[in-house]
Amino acid sequence: SVSSIVPESCLLIVVGLLVGGLIKGVGEKPPILKSDIFFLFLLPPIILDAGYFLPLRPFTENLGTILIFAVVGTLWNAFFLGGLMYAVCQLGGPGLNHIGLLANLLFGSIISAVDPVAVLAVFEEIHINELLHILVFGESLLNDAVTVVLYHLFEEFASFEQVTILDIILGFLSFFVVSLGGVLVGVIYGLIAAFTSRFTSHIRVIEPLFVFLYSYMAYLSAELFHLSGIMALIAAGVVMRPYVEANISHKSHTTIKYFLKMWSSVSETLIFIFLGVSTVAGHHYWNWTFVISTLFFCLIARVLGVLVLTWFINKFRIVKLTPKDQFIIAYGGLRGAIAFSLGYLLDYEHFSMRDMFLTAIITVIFFTVFVQGMTIRPLVDLLAVKKKQETKRSINEEIHTQFLDHLLTGIEDICGHYGHHHWKDKLNRFNKKYVKKCLIAGERSKEPQLIAFYHKMEMKQAIELVESGGIGKIPSAVSTVSIQNINPQTLPLERVLPALSKDKEEEIRKILRTNLQKTRQRLRSYNRHTLVADPYEEAWNQMLLRRQKARQLEQKMNNYLTVPAHRVDSPTMSRARIGSDPLAYEPKEDSENLPIITIDPASPQSPESVDLMSEEPKGCSGLPPSPEEDEEGLVMRVKEPSSPGTDDVFTPGASDSPSNQRMLRCLSDPGPRPEPEEGEPFIPKGQ
């Protein structure tokens, strides 16, 4: 009932105070938390546990915000607090006048950093939402580089007779060396651990040992060169985890998980107990002005830093940090054992006021852990801050997450914007193409992320089924993969589905790879002046033009052919016209194009009985014109008599075909023409 109100870290400090008082009461000297023990043995397990199981997606999505809080916020706290404490020391009387600016800046750098151990202890109990948790916890992890640089910088400057501008510039550059150097050391050891785990398939027992060994080596190597050991541990854990988990067995994965949790929990317990014991056992020098000013200015610096930085960050964030979020971030800036251990490391020779610094540090730690740690849960409930939703990830969620990643990557491609989705996709492609093949053994190096996630979920489901004792009655929701994981059996010889050969599987995968998930084929940015011409566009235009011309021609022909024909003159009238002007109808060289008039001599004695039957140009019948017909010009051809038994009216002749009828109409009426003037022949000579 007590632990539901008071955080566990507060109870452990109380236990340490009681144990320290009991040891001192019996006349013994209580043990003090030495800095070497803290930094070499107690701190690494907590940081490794945090780095190995770091929620990578929210961490990378909010990395910019975390870095601004960790770097700029810590620098602001250190210099703001150090400058104000120097002013307090100058105005505080004879007991504080001897404390110089460098000593106050060193004190500010020690007390300004948020402690990851205290944040983990408090925030995991109140189940705050993932965004706020990763912002505060990420800040507490990454501000270690700033703290280490400022601490060693001011400690070195304290031994100098004069600090030059060159020293300040070198100190500023050392920040990048310490932070990036720590990350580089961690990445190198993480890759070595992943490569080593590729060859441990025959000795599964020692697989967890490599994870702990290489992580601790990364931490020691970074501390050896005064680099950031915490950032080296985080980088090693983040880099090695995906490859190590793909290589090691499930039992080894369970061993790593529970051993890290147990180890970090034991270290956390010992740290807070030793804080209580050291409070009783240590030498203290209490100065009201210095201690109260430190506590007050710590709170003011934290609140001002969060408000100003959030105002700046919200200009670039899509999901803005609300005033409630800002309050929780400012209120969650807890101090812990790292500040106490750094204060304990101070040398009496250069810092004679070390006991007063330690007293002020312990006061700030107790205030933040007890007062802020105990009241943050009621404040979260009072402000109705969103809490963490305990939901299991599903295949559906994973599919939609990957889909949105590909979609946003494509949108960034089209816009030509190089955002974090662009670089994330580049890194994933490089990882899939080169790194996985070197660090993951067997076929799992080619396994898609979705399939790997499915196998992990199936294994987890199978283990839960075994632990619940429900193997006898397997529900329908459990797939056959789970049962195979529970009771591995050899496959029967005859399977329902035929097994695919390796070549066939590779061929199918190649087809899918070439046709699916082509999310990034780098092309030029969109520009209407550099568009590639479509090779079929010209052909389509030509085809459309031809169709349009054909349609217009057909429409003209229809209009042309539907003009009513003039009444055809009788043969007698035709002979009369010819007789009236025989010179107009002289034979021409191209008389083959002249029409032939065929008459039906129904009664040779009666010229009026002549009827026009067919009229077509010579040569249209397919026969070459004779010389006699050339000289005659217009030729009267006698229609052959019909055979007996045929009907002249209803039996179509050769000239009654549709094409001949159309030709008749064309020749009878060649379209609208100007009326012939008087004296002009019926058929002009030029035609």
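1. Arginine 302 forms a salt bridge with glutamate 139, with 2.8 Å between the closest N and O atoms, where a salt bridge is a side-chain nitrogen of Lys or Arg within 4 Å of a carboxyl oxygen of Asp or Glu. The pair links distant parts of the chain, with arginine 302 in helix 13 (residues 288-313) and glutamate 139 in helix 7 (residues 130-142), 163 residues apart. Both arginine 302 and glutamate 139 are buried, buried being under 20% relative accessible area, exposed over 50% and partly exposed in between (1.4 Å probe, protein chains only).

2. Please keep in mind that this is a predicted model, in which local features need pLDDT of at least 70 and side-chain atom pairs count only at pLDDT 80 or more, while totals for chains, interfaces and linings use all residues. Residues are numbered from 1 along each chain as its sequence is written, and side-chain values use heavy atoms, with hydrogens and water left out.

3. Lysine 424 forms a salt bridge with aspartate 405, the closest N and O atoms being 3.6 Å apart. Lysine 424 is partly exposed at 32% relative accessibility, whereas aspartate 405 counts as buried at 15%. Both residues belong to a network of salt bridges that links Arg57, Glu61, Asp405 and Lys424.

4. Arginine 204 and glutamate 207 also meet through their side chains in a salt bridge (2.5 Å, N to O); arginine 204 is partly exposed, with a relative accessible area of 34%, and glutamate 207 is buried at 3% relative accessibility.

Conventions: Helix = DSSP H or I, 4+ residues; strand = E, 2+ residues; numbered from the N terminus.
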